[in-house]
Amino acid sequence: MLYWNVSEQIVRSLALEKLSKNKIKINGNNEQPYLDLARSLYQAFDLEKALRAYEIAIHIKGNDAESYRDMGLTLHNLGRHKEAISAYTQAIEFNPQDGIAHYYIGIVLQQEGLLQRSKQSFQKAIETCPH
């Protein structure tokens, strides 16, 4: 357990260092700085703040499948499974060929014990992303 805490602190420190080195400049018209911030916060295990940054980025751009998928992963790791499925589903609406979003839906459904639906999502992931 101690090892994990030290590792988490190291990763958090590196992510925060990356933020300060890149001097992310936030403005209300460009979603990219918020996405960069969200990804750095996610890597630093600051999931609530990462989620907020994803929400702002999505509010600015709106139709970015990758942002919705990343937000879904954040929600999933927060244990907010229904919201994660909703975010993954939104990603698929913007990019029906997003096999990764289908895969993540399968993971969440499997964890929820919905095995038949999970199997369907995994199959769709294979169909859309055969590599």
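How accessible is F45: buried, partly exposed or exposed? Here are my notes, starting with that residue.

1. F45 counts as partly exposed, at 34% relative accessibility. On this scale, buried means under 20% relative accessible area, exposed means over 50%, and partly exposed lies in between (1.4 Å probe, protein chains only). You will find F45 in the loop between α2 (32-43) and α3 (47-61). Its backbone is worth a look: F45 is not a glycine, yet it has a positive phi of about 65 degrees.

2. A word on the model before going further. This is a predicted model, in which local features need pLDDT of at least 70 and side-chain atom pairs count only at pLDDT 80 or more, while totals for chains, interfaces and linings use all residues. Residues are numbered from 1 along each chain as its sequence is written, and side-chain values use heavy atoms, with hydrogens and water left out.

3. Now to the rings. Searching the whole structure gives 4 aromatic pairs. One of them is Y88 with Y104, a stacked pair at 5.5 Å centre to centre with 25 degrees between the planes. This pair links distant parts of the chain, as Y88 sits in helix α5 (residues 81-94) and Y104 in helix α6 (residues 99-111), 16 residues apart. Rings of Phe, Tyr and Trp (its six-membered ring) pair if their centres lie within 6.5 Å; planes under 30 degrees apart count as stacked, over 60 as edge-to-face and the rest as tilted. Helices are DSSP runs (H or I, at least four residues), numbered from the N terminus.

4. Y103 is partly exposed, with a relative accessible area of 41%. Ring pairs join Y88, Y103, Y104 and F122 into a cluster.

5. Lastly, please look at Q111. This residue is in helix α6 and is partly exposed, at 48% relative accessibility. Setting aside neighbours within four places in sequence, Q111 is in contact (heavy atoms within 4.5 Å) with H76 and H81. C-alpha to C-alpha, Q111 and H81 are 9.0 Å apart in space, and they are 30 residues apart in sequence. With H76, the side chain of Q111 makes a side-chain polar contact of 2.7 Å. A polar contact is a pair of N or O atoms within 3.5 Å; within protein, one must be able to donate a hydrogen and the other to accept it, and residues adjacent in sequence count only if both atoms are side-chain atoms.

Conventions
Helices (H or I, at least four residues) and strands (E, at least two) are DSSP runs, numbered from the N terminus.
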